[in-house]
Amino acid sequence: MHDDIALTVGRVTRVLTERILPAVHAESVPLTAQWHELPGEPVSPAEGLALDYTPYAVGTPWGAAWGTTWFRLTGEVPEHWAGRRVEVVADLGFDRDMTGFQCEGLVYRADGTPVKSLNPGNQWVLVADQAEAGQPVELYVEAASNPILVAGNPFVPTREGDLVTSSSTRLYTTGRLDLAVFERDVFELALDVQVLLELQAELPPGPRRMQVLQALDDAMDRLDLQHVAATAADARSALVDVLGRPAEASAHEISAVGHAHIDSAWLWPVRETIRKVARTTASMTTLIDETDDFVYGMSSAQQYAWIKEHRPEVWERVKAAVDAGRFVPLGGMWVESDTVMPSGESLVRQFLHGQRFFETELGVRCRGVWLPDSFGYSPALPQLMRRAGFEWFFTQKISWNQVNTFPHHTFLWEGIDGSRVLSHFPPMDTYNAQLSGAEVALASRQFRESRVATGSIAPVGWGDGGGGTTREMTGRASRLADLEGSPRVRWEHPDAFFDRTREQLPQAPVWVGELYLELHRATLTSQHRTKQGNRRTEHLLVEAELWAATAAVRTGTAYPHDELDALWQQVLLQQFHDILPGTSIAWVHREAVEQYARVTEAAEAIVARSLAALVGEGDVVLEANAAPFERAGVPAGGVTPLEAHGPAAYAVSLSGREGGWVLDNGVVAVTVSAAGLVTSAVDLVTGRDAIAPGHEGNLLQLHQDVPNRWDAWDVDRYYRNRVTDLREVSTLSASVDGEGVARVVVERRISPESTVRQELSLAPGARLLEIDQWTDWHETETFLKIAFPLDVRAEHVAAETQFGFHRRVTHSNTSWEVAKFETSMHRFVLAEERGFGVALVNDSVYGHDVTRDVVGDAVVTTLRLSLLRAPRFPDPETDQGVQTHRYGLVIGADAEVATREGALMGTRARRLTGARGVAPLVTVTGEGIVVSSVKEAADRSGDLVVRVYESLGGRARGTLRLHLPVGRVTTATLLEEPLDDGAVRVVDGAVSVELGAFEVRTLRVVRA
């Protein structure tokens, strides 16, 4: 026979596109439309239904950016449609490929009942499955005219990303507002043809492919293209045999779960996400009602909370679907957060608040962590997941790697403490699957554990901006349930997949350490104010808990549970993986900074109230220290009179040298040149100079920063090829203040538009050269770094992560190391050789890079902090204006010193007046053991929760002393639930503590 494959494929493709799909709703009548454009922000559904409506003609432009237009659609079912399925078909101006990224709407009945969403992938609304002649139709559409920000060239700067700068031009034009007959046979034929057309494209040459093509040709022969609806059933009959042949016994098995991955903010503000969640969940509960086996999964307790608060009618439908096991809460977190930058306590609270909401409101406890789209995953995460009671972890983002292909799809992920968690990456390489033939074939072809395991997960639905699963996708799933040449597809709860996988892979491969994403590296730096707000508020809330708990125990002051819960939940929301990373529109980051200011004000008020209750009224000058380490004589968690601290161990001398200055406190001596650069930083005990000979630290460097794509997300390796060192000084001055702190002030002009001011300070007895920096930043597509070339032969550097640190090699032997040219840190990064080390500490920086060079016979390890960027998309004003940083050079450091100095920089001392000091509620002894938090239990029982961790990467033994009447102490999970075997012996308020490397231990204290 002749090879007619191309002829058949071309024929079928055209008929499907031009004849079959349009015939699904071919018989239609126009609805009468009216509209009301709101002048400002959205209104409630009740208010929307009560608006005054005026006539609207289809084809009239509507909707300025971020606007809301209410449409009223009325009509009646024609008599000859009686008994048929009738639907409203509404095209608000949709682009089929932009679901979730453009206009969308939520449909209501006249009584205010929400029905389902309208979006490019879901343009229908059921009127009646068996309509009655003359049946009246009255529906309302709350239509959101969200601007398209990613069409065409998706990285063009735009002012449409903020309500205050967006245009008033109407963006959309309706294409259709009709009442139509839904032709079931035509719809099913379209799915039959589409599935088989995509299947044959993936099949190898051979009988099966030829038989599918012949069946498609036969179906086309039976279909009258002038009367598609009348002949669709006959055309389908030609496909029954090829669709009915079962899959091979060894076929890959795909566990599908409905999904929408609604970003809690990104190219839309939080207020719009609230509506996106309502639209999507309304549609998903409708789809659940119309199917027998479809299972929909949704993460983020925050999004469920929004539904409950803003759309209670939808909330009731969600609850019913959850009770039926068809709507599955996933992830057990407050939001799908970034996991690289939040503190350990923040990640604990993500789990605590997420799981408590799911259990309290829905009676569900999530067994796995679901984070398909975060930009890399901290090596501390496996332990935290396990100690919070999670059994599995899911993501797919690592498939986006630029350089290296990750070697596993199902594996055990081992964290810094040795904890392991069963993990899965879908080989379909997407969290927005459509169940296309190409996608399912890719999953089968790529799955790396095929020798020993049979299946993978597929999150199915329109995502990012919501939309979710469609009836077309469930139709494909039913055809792919058992189809020759295809993987088998079934709707399934992810728990069932992981239970089966655990049995199939008792000896799963192991990946140790961070899951580094070889992409989106600049998310560690973009939108500095957002990152600074996160770091400072998460520390401040832990401090507020400490003083509030201390006040509750010592004075009986009521612990402010409601206030702290609300503040934590706001900070947790801002840790969403497109907010904290700095990749959202201007509106989102403007609001984030405003929210951080509100959280700060409220948390400071809690601190002030608690300390006032503790110290009483008086004139004694006191210093309070909420850091986990002693500071200048003030114990961790204590308050002492200022005069009790005693004199400084060393005085600081300040002397001029060659136009610069030497700062010497008897512990270290720092030379600042006339150019304001650190040319020497000597540890006077060892005589070692931290700065490499002939090099200069505190060197600000500018790089041209235009990545190939993803402006706010990416920095590409070639950025290093062009660098400008900032050496010219505008002013240089020095002084010693009344507390004996020596300060050198350096002012520079970065460009005609931008300036920077640094204050370098050395305190008595300190190893830390602290640098406070103010930058008036008005650059474009520029990366600002601060460099410290160190005379340290470091094979590795240690970068702090949650509850410990992570070591990374300094060489670039393999492509895996080459790809890590920009990496994460929390409060410190340490370069160390035997006997000597140097650390950089900071209070709001996350990105850094390390280079290793040989100069003469010496190895120079250069540490650089990433300070500011200036990408133009999606926020063209990213990082513009005055920015502040605090960082420092620790001279003569090891992991213990770096941990202490980082913590002290992150939580500053407080001065206040009162009648008395306050002894700490909790103290700990033992090398490397750090108290992370002291708070009241979330269940409001009055119990205390104390969390400690081992900070140095080795086994530790010590004593935790509880300075309060103690009834009982038990070891608990991160969810603050006592472990069955967790009873702890207490002797005179002392608890012996033995910890493994980087182990996190939570203790629950019942007060006597």
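Arginine 940 is placed in the loop between strand S46 (929–936) and strand S47 (944–950), where helices (H or I, at least four residues) and strands (E, at least two) are DSSP runs numbered from the N terminus. The phi of arginine 940 is near 65 degrees, a positive value in a residue other than glycine, and arginine 940 is partly exposed at a relative accessible area of 43% (buried means under 20%, exposed over 50%, and partly exposed in between, with a 1.4 Å probe and protein chains only). The model is predicted, so that local features need pLDDT of at least 70 and side-chain atom pairs count only at pLDDT 80 or more, whereas totals for chains, interfaces and linings use all residues. Residues are numbered from 1 along each chain as its sequence is written, and side-chain values use heavy atoms, with hydrogens and water left out.

Serine 300, in the loop between strand S14 (296–299) and helix H8 (301–310), likewise is not a glycine and has a positive phi, of about 75 degrees; serine 300 counts as buried, at 3% relative accessibility. In the loop between strand S42 (858–868) and strand S43 (881–891) lies proline 874, which is joined to phenylalanine 873 by a cis peptide bond with omega of about 5 degrees.

The axes of helix H9 (residues 312–323) and helix H10 (residues 344–362) come within 11 Å and cross at roughly 90 degrees, axes being lines fitted to C-alpha atoms, for helices over the stretch in contact, with angles from 0 to 180 degrees between N-to-C directions. H9 and H10 are therefore roughly perpendicular to each other (65 to 115 degrees; under 35 counts as roughly parallel, over 145 as roughly antiparallel, and the rest as oblique).
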